[in-house]
Amino acid sequence: MDTSPTRLLIHGASGRMGQALLRLAAEQPACTVVAAVTRRAPAQRVVDGVPHFAATELGGVPAFDAAVDFSLPEGFDAVLALCVDRGCPLVSGTTGIDAAQQDALATAATRIPLVWASNFSLGVAVLAELAERAAAALPGWDVDIVESHHVHKKDAPSGTALTLGHAAGGAGQAVRYASLRAGDIVGEHMVQFTGLGERIELTHRATHRDIFARGALHVARSLVGRPPGAYRVRDLLD
C-alpha cells in the first residue's frame, strides 16, 4: 500500500480559501503542496517550502496527484485543462462558472475524476444525504430550507441551500427557501419537514471556515486513484 503523501496543486492560493488550504495542508502528513498558483506573479518564489507560480506559468508546475481550485471563473478553464492533460483529479469550489464551463466539467469527467461543489463541509454532505432520505420517506410533507450567513454574502438562497433543496426535492416535493443575512454568521442551514402535528428539523451550523478547506483536502486525497467521473462530496466520505 502506498503511504506517500498526496502531492497537491493549490490553484487560487492567494485567496482566503487558498491560504487556509496551504496552512492546513502543512499540518497534515498525508499531504504535501508541490505548487501554489496565484493570479499575479508571486512576490516570493518559495514560501514556507512551497514553490509559488503565477497563473501564466501554470503549464510549468511540477507533477501533482490532485489539484484543488478555489479561484475565479476566468482562471478555471486553465486548471481544468491542465488536469485533463495530465490525467489528474480536480477538486473545485470556484463559484460563478457559466454554462459553457459546466459543460466542460461534464466532458472532463469522462477522462478524470473530479468534484465541483458549492460546499466542502463533510457535515453538510451528510446533511444532504439525510435530507434526501427524509424526503423519500415523507411524501406529501412540506419542505422548507432556512439558511443564515454573514451580512456580506450577496447570493440568496446560498448555493448550499440550493444543493440541499435539490436533495430534499428529489422525491417530487416542492421546496421553499428563506434566507437571513446577519452579523458574522459563517453558515447555518436547516432543512425542515412538516407534516400534520409533527415536524423534523435537520440542522448544520458552521462555526469556522476551516471546515471547508479541511473537507476539500479530504476530497482531494480520496479522489486519487478513482476512475473518471463527476463525484459528490458525499460519495467520498469514507
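Author: Buried means under 20% relative accessible area and exposed over 50%, with partly exposed in between (1.4 Å probe, protein chains only). This is a predicted model in which local features need pLDDT of at least 70 and side-chain atom pairs count only at pLDDT 80 or more, while totals for chains, interfaces and linings use all residues. Residues are numbered from 1 along each chain as its sequence is written, and side-chain values use heavy atoms, with hydrogens and water left out.

Reader: Which residues of helix α3 are buried?

Author: Helices (H or I, at least four residues) and strands (E, at least two) are DSSP runs, numbered from the N terminus. Helix α3 covers residues 99-108, and its buried residues are Gln101, Leu105 and Ala108.

Reader: Why do the buried residues of α3 line one face of the helix?

Author: The arc is taken from the directions from the helix axis to the C-beta atoms. Turned away from the buried side are the exposed Ala99, Ala100, Asp103 and Thr107. The buried residues line one face because, seen down the axis of α3, they fall within an arc of 65 degrees.

Reader: What covers the buried residues of α3?

Author: Contact means heavy atoms within 4.5 Å. The cover includes α2 (73-86) and β7 (113-116).

Reader: In what order do the 4 strands of the open sheet run?

Author: Two strands pair if DSSP finds at least two bridges between them. β8 (residues 142-149) and β9 run parallel, joined by 7 bridges. The edge strands, each pairing on one side only, are β9 (175-181) and β11 (198-206). The pairing is mixed, and the order is β9-β8-β10-β11.
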